Amino acid sequence: MNTRTNIHLVDSDSRRRAAVSHRLAGSALHVEPFESARELIAQAPRDGLLLVHDEGGQIGELLDHMVGSGDWLPIIAFAENPSPRRIVEAVLRGAVDYMTWPFDADVLADSVALAQTRAAAMASGKLREAVARSRIERLTQRERQVLAGVAGGLSNRMIGNKLDISPRTVEIHRANMLTKIGANRTSDAIRIAIEASLIQ
């Protein structure tokens with residue numbers, strides 16, 4: 001079984017793009033090179049993995065786009081001599097693995113296998129986050145404040161005191177908020193707020 005995996009390479013350095021593509025030629029990894037995150041986003045690939053040189057906010061730009069669109073592809077970051085802090089920051093932002101350049105096809109194949117095992121769990125989590133964020137975006141600023149209060153365990157009276165509005169007004173905002181985000185119960189609203197990273 002010789003299935004090819006699409007690797008979407010994002011790197012602004014043309015020599016390095018060519019070197020990566022050359023090293024992976026003839027392997028089960030098919031490389032599609034892109035000069036920037038913006039160019040890749042315009043092509044909107046639906047499958048494979050992203051191999052992204054860790055520079056200039058490219059990883060963050062791609063992650064923001066994927067969360068907003070709901071289309072998730074795992075990211076493997078790479079750089080020359082990255083510091084441990086840089087690696088940790090990229091992984092915390094959402095990269096599934098981090099490699100040091102130069103690497104060969106076997107090392108990348110191992111990283112791809114690891115990324116694919118993590119991808120399904122991460123994709124479902126990121127998709128839930130994207131859906132939750134799109135629901136939260138329907139809310140007015142006041143409704144978000146009420147949701148944050150509800151998620152913080154505050155009563156209508158306490159939320160009203162904090163926002164300088166009456167408990168009855170809080171009730172109205174709360175009912176509107178539940179309707180807009182499609183929540184039947186307060187617990188559903190809290191779950192959506194957590195999934196949207198509105199609260200920790």
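Biologist: How many bridges join S4 to strand S5, and how do the two run?

Modeller: This is a predicted model. Here 4 bridges join S4 to S5 (residues 97-100), and the two strands run parallel.

Biologist: Through which helix does the chain cross from S4 to S5?

Modeller: Through H4, residues 84-93. This β-α-β crossover is right-handed.

Biologist: How should I read the side chains of a strand?

Modeller: In a regular strand they alternate between the two faces of the sheet. Take S4. Ile75, Ala77 and Ala79 lie on one side, Ile76 and Phe78 on the other, and all are buried.

Biologist: Why is S4 described as largely enclosed?

Modeller: Because 5 of the 5 residues of S4 (residues 75-79) are buried, the strand is largely enclosed by the rest of the structure.

Biologist: Now the helices. What describes a packed pair?

Modeller: The angle between the axes and the distance between them. For H6 (residues 141-151) and H8 (residues 167-181), the angle is about 95° and the axes are 9 Å apart. Angles of 65 to 115 degrees count as roughly perpendicular, so H6 and H8 are roughly perpendicular to each other.

Biologist: Which residues make the contact?

Modeller: H6 gives Arg142, Glu143, Val146, Leu147 and Val150. H8 gives Val170, His173, Arg174, Asn176, Met177 and Lys180. By class, the contact has 5 nonpolar, 2 polar and 4 charged residues.

Key
Residues numbered from 1 in each chain as written. Predicted model: local features only at pLDDT ≥ 70, side-chain atom pairs only at ≥ 80, totals over all residues. Heavy atoms only, no water. Buried < 20%, exposed > 50% of the residue type's maximum accessible area, 1.4 Å probe, protein only. Pairing = 2+ DSSP bridges. Right-handed = clockwise from strand over helix to strand, strands pointing away. Axes fitted to C-alpha atoms, helices over the stretch in contact; angles between N-to-C directions. Parallel < 35°, antiparallel > 145°, perpendicular 65-115°, else oblique. Contact = heavy atoms within 4.5 Å. Nonpolar A, V, L, I, M, F, W, Y, C, P; charged D, E, K, R; others polar.
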